[in-house]
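User: I would like to go through this model and ask what stands behind the labels used for it. Please set each value against its cut-off.

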Amino acid sequence: MRLLTACGFLNRGHHLGIDNYFSSPELFFDLYDRGTTATGTVRANRKGLPKQAIKKKLRNNETAERRKGPLLCVVYKDGSKKPILLSTAVAGGFQPVAVRRGEQVQKPKVVVKYNNTMGGVDLSDARLYKYLSERRTLKWTLKVAFSIFGRAVLNSFILYQLNTTDAPQLCRLQYMHRVVQSLAGNYHPPKAVVRRRTLAEIQAANENFRVAPAQHPPGPAVLGVNHRMRKLAVGKRRDCVGGHDRRVRTSYECLGCNVGLCPECFADYHRT
């Protein structure tokens with residue numbers, strides 16, 4: 001809202017298409033009070049939505065509509081999907097829409113308005129994700145940063161196409177390479193020297209490893225109820241104390257001795 005106010009887009013009679021990530025009844029009312037209508041989808045957990053319409057069981061191509069002042073809420077059953085749409089620009093009801101082969105079907109007016117409004121946004125996303133260098137990350141801030149940078153490069157490429165008369169023009173991939181080269185300049189990352197360990201170093205590392213000696217007291221009744229093999233949780237492993245020449249990790253342990261043991265070493269370890 002602050003960004004729209006700063007850019008001077010409010011109180012001019014504009015119409016906005018909003019995705020469900022941003023939309024809410026409160027936002028639509030605020031935009032309407034500032035002379036701006038809007039149409040968009042909304043998530044079912046937003047505050048202020050009519051619960052009776054959301055929870056109502058609908059048949060295919062059936063709607064449930066509720067209105068509060070200028071805001072219209074429409075729940076639409078479209079196959080397996082059940083989108084919720086808000087609008088301050090259209091009335092309720094259906095209208096005919098031409099589909100393939102010249103046929104006409106009845107669609108809610110708010111759905112038609114939303115599809116016409118979001119067409120430009122979908123086209124922009126389609127062009128953006130063609131070359132977007134986005135990666136899966138646990139931090140959402142990095143994903144937002146990649147998206148903002150990608151949109152900035154895409155917008156600059158569109159301006160380049162509109163304002164450049166040189167022939168032939170650069171394609172988008174070539175343009176992105178030029179942008180990366182201009183940002184990188186003369187910087188060259190240092191080459192990391194990776195050296196593989198020799199066989200002697202590996203053998204020395206195994207010889208330096210000392211397995212904990214067996215601490216189990218001998219006796220005829222050592223394999224009682226408390227001394228049984230237990231499998232560890234997924235991803236958990238322990239060092240086997242069965243007397244291996246090198247380090248061996250195992251997914252089993254003795255419940256009574258509280259030491260890691262391979263299934264093959266369990267009987268020998270408890271043998272008197």
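Analyst: To begin with burial, 25% of the 272 residues of the protein chain count as buried. The model is predicted, and the protein chain has nine helices and 12 strands.

User: How do you know how far to trust the prediction, and where is pLDDT under 50?

Analyst: pLDDT is the predictor's confidence on a scale from 0 to 100. The protein chain averages 82, and 86% of the residues score at least 70. Residues 218-222 stay under 50, and the model gives them seven contacts beyond four places in sequence.

User: Why is cysteine 254 called buried?

Analyst: Buried means under 20% relative accessible area. Cysteine 254 has 0%, so the label applies. This residue lies in strand E11, residues 252-254.

User: What makes up the surroundings of cysteine 254 beyond four places in sequence?

Analyst: Cysteine 254 is in contact there with His227, Arg228, Val259, Leu261, Phe266 and His270. Contact means heavy atoms within 4.5 Å.

User: Why is threonine 63 called buried?

Analyst: The cut-off is again under 20%. Threonine 63 has a relative accessible area of 15%, so it is buried. Threonine 63 lies in strand E3. Leaving out residues up to four places away in sequence, threonine 63 touches Leu58, Val74, Val75, Tyr76, Phe94 and Pro108.

User: What makes strand E4 largely enclosed?

Analyst: Six of the six residues of E4, residues 71-76, are buried, so the rest of the structure largely encloses the strand. Leu71, Cys73 and Val75 point one way, Leu72, Val74 and Tyr76 point the other way, and all are buried.

User: How do you know that E4 pairs with E3 and with E5?

Analyst: Two strands pair if there are at least two bridges between them. E3, residues 63-68, is joined to E4 by six bridges, and E4 is joined to E5, residues 84-87, by four. The E3 and E4 strands run antiparallel, as do E4 and E5. Arginine 67 stands opposite leucine 72 in E4, and valine 74 has leucine 85 in E5 as its bridge partner. The hairpin of E3 and E4 has two residues between the strands, and glycine 69 takes a positive phi near 65° there.

User: What makes up the lining of the second largest pocket?

Analyst: The lining divides into seven nonpolar, two polar and four charged residues. The space in this pocket is about 270 Å³. Of its 13 lining residues, Tyr76, Asp78, Lys107, Val111 and Asn115 are the closest to the centre. Helix H4, residues 109-117, supplies the largest share of the lining, four residues.

Notes
Residues numbered from 1 in each chain as written. Predicted model: local features only at pLDDT ≥ 70, side-chain atom pairs only at ≥ 80, totals over all residues. Heavy atoms only, no water. 1 Å grid on protein atoms, 1.4 Å probe; cavity = no way out; pocket = protein on both sides within 12 Å on 5 of 7 lines; lining within 4 Å. Points joined across faces, edges and corners; volume = space filled by probe spheres on them. Nonpolar A, V, L, I, M, F, W, Y, C, P; charged D, E, K, R; others polar. Buried < 20%, exposed > 50% of the residue type's maximum accessible area, 1.4 Å probe, protein only.
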